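Welcome! Here is a short briefing to read alongside the sequence and the 3D view.

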Amino acid sequence: MNGPRLGTQRGMLAALSVALVLTIVTVSGPTAASRSIAGTALPAGVVSDAGVAATSGTPSTEAAPSPAPRQPPSRYFVKLEDHPLLVGGIALPELTCSLPRFGRDESRLRAYYLALRECVDTGWRTALTEAGLKWSSPTMNLASNPGEVFCGDFDEEDFTAAYCPDSEMIFLPVDRVTKVDRGSPAVHLGVFAHEYAHHVQATVGILEAAYQREDHVGRDSDDGQELSRRTELQADCFAGLFLAAAAGRGDISRQLAEAAINTFRYGALARTHGAGSRQFAWARAGFQGQNTAACNTWAAPADQVR
């Protein structure tokens, strides 16, 4: 089984204050190439939308292409704080997202994610290609039990949404996400933007470089856990960048974008992801920042990533 996986812990669902929970799960082997990590947003009921249907249908999938061989990171990616995405900074363009009416049944939610992906694609494609960096669009899988996939077995009930870099796929099981969303599109925006941020990290070499560092110091050591927090908090910040780029235009109002940012404040699993206050602070840093330089968690003092 190959690659990292990002997904949400199911054990936290009983706690109503849970929002953006990211956890790291090792599947097999000591190398970065064989790793599987889990993490994405677990929304709390801090926002709600009256009149949203509570039904959900049979989840569907979008087939993943055959994964390309993972390319080793360039030498300048190894020093993450000096990554070209973070030095000087790259701005996302203003985005006008055209989204269908939000609904929690499978067909409406799938349409919502597809339109949202198109908008997020536009922002990150523009930013990364103008900087001469790699870009690709992730695929999506909405199946409740996707089973054995390229980077691990997703039948276990320990995540709400996930990302697998080796197949460049975002997993958004309809039944799991709607179980914790409390009917809020803001929650779905936060979840999707965070998972897509991990896709950005993967395509530009940040994840691979982070894994190499973790392997060097030991993933379960204090230093390894700090590296995990820096990775996850950066994804929160990148999510904030997208939400800022889209806020107040098209179908993402300023109020809706702010509500999505607020879901990050209820995060848990502080050891691997940072305290909820830190998750919110970094999401807010992206939301208020001008470009990707605002998300350089690798250069941040240790007390800002606890």
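Buried means under 20% relative accessible area, exposed means over 50%, and partly exposed lies in between, with a 1.4 Å probe and protein chains only. With 42% relative accessibility, arginine 182 therefore counts as partly exposed. This is a predicted model, in which local features need pLDDT of at least 70 and side-chain atom pairs count only at pLDDT 80 or more, while totals for chains, interfaces and linings use all residues. Residues are numbered from 1 along each chain as its sequence is written, and side-chain values use heavy atoms, leaving out hydrogens and water.

**The overall picture**

- The protein has eight helices and seven strands; helices (H or I, at least four residues) and strands (E, at least two) are DSSP runs, numbered from the N terminus.
- Of the 306 residues in the protein, 57% are buried.
- Among contacts with a separation of 6 or more, 76% are between residues 24 or more positions apart; contact here means heavy atoms within 4.5 Å.

**Two helices that cross**

- Two packed helices are described by the angle between their axes and the distance between the axes.
- For helix α3 (residues 185-203) and helix α5 (residues 222-246), the axes come within 8 Å and cross at roughly 115°.
- Axes are lines fitted to C-alpha atoms, for helices over the stretch in contact, and angles run from 0 to 180 degrees between N-to-C directions.
- The crossing of α3 and α5 is right-handed; a crossing has this hand if the near helix is turned clockwise from the far one by less than a right angle, and is left-handed if anticlockwise.
- On the α3 side, the residues that meet α5 include Leu189, Ala193 and His194, while those on the α5 side include Phe238, Ala239 and Phe242.
- The residues of this contact between α3 and α5 divide into nine nonpolar, five polar and two charged.
- In that grouping, Ala, Val, Leu, Ile, Met, Phe, Trp, Tyr, Cys and Pro count as nonpolar, Asp, Glu, Lys and Arg as charged, and the others, Gly among them, as polar.
- Helix α3 also holds valine 191, which is buried with a relative accessible area of 1%.
- Valine 191 and alanine 260 are 69 residues apart in sequence, with 8.7 Å from C-alpha to C-alpha.

- An open sheet is formed by three strands in the order β3-β7-β6, with mixed pairing; two strands pair if DSSP finds at least two bridges between them.
- Because β3 (139-141) and β6 (162-164) stand at the edges with a single partner strand each, one side of each has no neighbour in the sheet.
- From one strand to the next, the twist averages 25°.
- β3 and strand β7 (residues 169-171) run parallel and are joined by three bridges, and asparagine 141 has phenylalanine 171 in β7 as its bridge partner.
- Helix α3 lies across β3, β6 and β7, running at about 20° to β6.

**Disulfide links**

- How many disulfides are there? The count comes to two, where a disulfide is a pair of cysteine sulfur atoms within 2.5 Å.
- Cysteine 97 is in the loop between β2 (38-41) and α1 (106-130), and cysteine 119 is in helix α1, 22 residues apart, so the pair links distant parts of the chain.
- Cysteine 97 is buried at 0% relative accessibility, and cysteine 119 is buried too, at 7%.
- Another disulfide joins cysteine 237 to cysteine 295.
- Since cysteine 237 lies in helix α5 and cysteine 295 in the segment after α8 (276-288), this pair ties together parts that are 58 residues apart in sequence.

**Residues to look up**

- Threonine 122 is in helix α1 and is partly exposed at 30% relative accessibility.
- Not counting residues up to four places away in sequence, threonine 122 touches Pro93 and Leu95.
- Glutamate 168 is in the loop between β6 and β7 and has a positive phi of about 50° although it is not a glycine.
- Arginine 182, in the loop between α2 (174-180) and α3, has a positive phi of about 55° although it is not a glycine.
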